[in-house]
Amino acid sequence: MFYLEIKYAHMAFAVVSIALLAVRFSWSLTAPERLRATWVRILPHANDTLLLACAIYLMTATRQYPFVQGWLTAKFFALLVYIALGNIALKRARTPARKVTAAIMAGGIFAYIVVVAFTKRALPL
């Protein structure tokens, strides 16, 4: 029940996640004071929590789980890499060049996650 609605919500939260990363990354280079706004500190976490909740619902509804389904395992590990690269791009990198490199890599990992989601293949060649 509500499978399609949750699936589309999951997809929407994913788009919002990458958009928020892009905005925060841009601000980290051009207007770091904007990153201190309360909504900027709360909204990405709230969105990502809803994204994860939808993912858990979809996994249980379809009975497809990471470490059982290869493509979901790939998405799981890619998500961890995406989170780490986003953290580097926003907080850990000390130079603009490293921030840009981490942000581009995070975008690439996000694209990989989307392709895996649509193809249901860990190596979508």
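Which pattern does the chain follow when read along the sequence?

## Overall fold

Along the sequence, the predicted chain follows the pattern α-α-α-α. Its secondary structure comes to four helices and zero strands (DSSP runs of H or I, at least four residues, and of E, at least two, numbered from the N terminus).

For 125 residues, a compact globule would have a radius of gyration near 14 Å, and the chain agrees with 15 Å (taken over C-alpha atoms; the rule is 2.2 Å times the number of residues to the power 0.38). The C-alpha trace spans about 45 × 30 × 20 Å along its principal axes.

## Packing of H1 and H4

Helix H1 (residues 3-30) and helix H4 (residues 96-119) have axes that come within 11 Å and cross at roughly 170 degrees (lines fitted to C-alpha atoms over the stretch in contact, with angles from 0 to 180 degrees between N-to-C directions). H1 is therefore roughly antiparallel to H4 (an angle over 145 degrees).

Residues in contact (heavy atoms within 4.5 Å) include Met 11, Ile 18 and Phe 25 of H1 and Val 100, Gly 107 and Phe 110 of H4.

## Largest pocket

The lining of the largest pocket comprises 45 residues, with His 10, Ala 14, Ser 17, Leu 51 and Leu 79 nearest its centre (on a 1 Å grid over the protein atoms alone, an open set of points where a 1.4 Å probe fits, with protein on both sides within 12 Å along at least five of seven lines; lining residues have an atom within 4 Å of a point). H2 gives the largest share of this lining, 14 residues.

## Basis

Residues are numbered from 1 along each chain as its sequence is written. In this predicted model, local features need pLDDT of at least 70 and side-chain atom pairs count only at pLDDT 80 or more, while totals for chains, interfaces and linings use all residues; side-chain values use heavy atoms, without hydrogens and water.

Definitions and conventions
Parallel < 35°, antiparallel > 145°, perpendicular 65-115°, else oblique.
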